[in-house]
Amino acid sequence: MLNILKNWKNQQTAASNLESLTKEDILNGEIPEHIAIIMDGNGRWAKKRALPRVAGHHEGMKVVKRMTKLANELNVKVLTLYAFSTENWKRPKLEVDFLMKLPEEFLNIYLPELIEENVRVRLTGDPDGLPQHTKKAVENAVKSTANNDGLVLNFALNYGGRTEIVSACRQISEKVKEGKLRAEDITEEMFSAYLMTESLQDPDLLIRTSGEIRLSNFMLWQIAYSEFVFTDVLWPDFSDEHLIGAIGEYQRRGRRFGGI
Ligand code: IPE
Ligand code: IPE
Ligand code: MG
């Protein structure tokens, strides 16, 4: 048999052995500290049901709450949710308007529970590009949860990875120009601090739903060594079992960070 075929067969056996990991095994295993999710597939979920796309976004909002609760229970430190990209402004006005109302609706319903559950809300993205009503709702949630020390629920809203990197470069260049910083003192660590994630640790696990295998401008710097899990499940159908499954997949990976 060709070696390539033999290796492939061995790998298959290894994979099926690992699939017998039970839910309990996973929950007792290493839980990623920072989970980031590209919540995709709301539109297709709605289309499958002959509903308007916005119905998918509305359903997706409930999943956000469920995943927040589960992540908090699992002692995840940071849950980043990609909710609106800098490219999503290209969508029809009706859809954009709806998406800009969702954070308010979400927070109107769930903020008291988030406070009670000790969740700290945080924003990664440009607040000034948001409509005033959206910005106000998010800033209010950030303020009223600022003293909580449980899960950090980090919404990537009006966020784009390239814009973020360019903005960090501009801020650093200004400092150099003013003579407050020397070019040779710029380090990776310092650069990270100028990003919109500031002091947040990098994602350990990145999940994207809906079967698309791309990053769509998400955290290009921060995911240098994240583990990626892509699933065909559409975001409104994403359940506790799916999140636990993705964590199980993460636990099977050997993270080497370039070492051996
Ligand atoms: C993700 O679902 C939500 C946002 C990008 C705001 P989509 O709206 O992208 O759903 P699909 O990809 O069209 O199915
Ligand atoms: C990425 O999804 C952005 C969010 C999930 C918020 P998109 O649906 O916008 O990505 P593309 O256009 O398919 O790459
Ligand atoms: Mg999409």
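Author: Let us begin with a location: ligand 2 sits in the largest pocket. Please keep in mind that this is a predicted model.

Reader: What volume does the largest pocket have?

Author: The volume of the largest pocket is about 720 Å³. The space taken by ligand 1 is also the largest pocket.

Reader: How many residues line the largest pocket, and which lie nearest its centre?

Author: The lining consists of 32 residues, and those nearest the centre are M39, Y82, A83, F84 and N88.

Reader: How is the lining of the largest pocket divided by class?

Author: It holds 17 nonpolar, eight polar and seven charged residues.

Reader: Which residues surround ligand 2?

Author: A residue belongs to such a shell if one of its heavy atoms lies within 4 Å of the molecule. For ligand 2 the shell is made of I38, M39, D40, Y82, A83, F84, N88, R91, R208, R214 and S216. Strand β2 (residues 78-85) contributes the most to this shell, with three residues. By class, the shell around ligand 2 contains five nonpolar, two polar and four charged residues.

Reader: Which side chains place an N or O atom close to an oxygen atom of ligand 2, and how should I judge the distances?

Author: The cut-off for a polar contact is a pair of N or O atoms within 3.5 Å. In the side chain of N88, an N or O atom is 2.9 Å from an oxygen atom of ligand 2. For the side chain of R91 the corresponding distance is 3.2 Å, and for that of R208 it is 3.3 Å. As for cover, the protein buries 78% of the 390 Å² that ligand 2 exposes when taken alone.

Reader: Where do polar atoms of the protein approach an oxygen atom of ligand 1?

Author: A polar atom in the side chain of R91 lies 2.7 Å from an oxygen atom of ligand 1. An N or O atom in the side chain of R53 is 2.8 Å from an oxygen atom of ligand 1. At G41 the atom is a backbone N or O, 3.4 Å from an oxygen atom of the ligand. Of the 380 Å² of accessible area that ligand 1 has on its own, the protein covers 87%.

Reader: Finally, how much space lies in the second largest pocket, and which residues line it?

Author: The second largest pocket holds about 200 Å³ of space. Its lining is formed by E188, E189, S192, D202, P203, W221, Q222, A224, Y225, S226, R255 and F257. These residues divide into five nonpolar, three polar and four charged.

Technical notes: Residues are numbered from 1 along each chain as its sequence is written. Chains are lettered from A and ligands numbered from 1 in the order in which they are written. This is a predicted model: local features need pLDDT of at least 70, side-chain atom pairs count only at pLDDT 80 or more; totals for chains, interfaces and linings use all residues. Side-chain values use heavy atoms; hydrogens and water are left out. A polar contact is a pair of N or O atoms within 3.5 Å; within protein, one must be able to donate a hydrogen and the other to accept it, and residues adjacent in sequence count only if both atoms are side-chain atoms. Accessible areas come from the Shrake-Rupley method with a 1.4 Å probe; for residues, only the protein chains shown count as cover. On a 1 Å grid over the protein atoms alone, a cavity is a set of points where a 1.4 Å probe fits but cannot get out, and a pocket is an open set with protein on both sides within 12 Å along at least five of seven lines; lining residues have an atom within 4 Å of a point. A molecule sits in a cavity or pocket if more than half of its atoms lie within 2 Å of its grid points. Helices (H or I, at least four residues) and strands (E, at least two) are DSSP runs, numbered from the N terminus. Ala, Val, Leu, Ile, Met, Phe, Trp, Tyr, Cys and Pro count as nonpolar, Asp, Glu, Lys and Arg as charged, and the others, Gly among them, as polar. Grid points are joined across faces, edges and corners, and a volume is the space filled by probe spheres set on the points.
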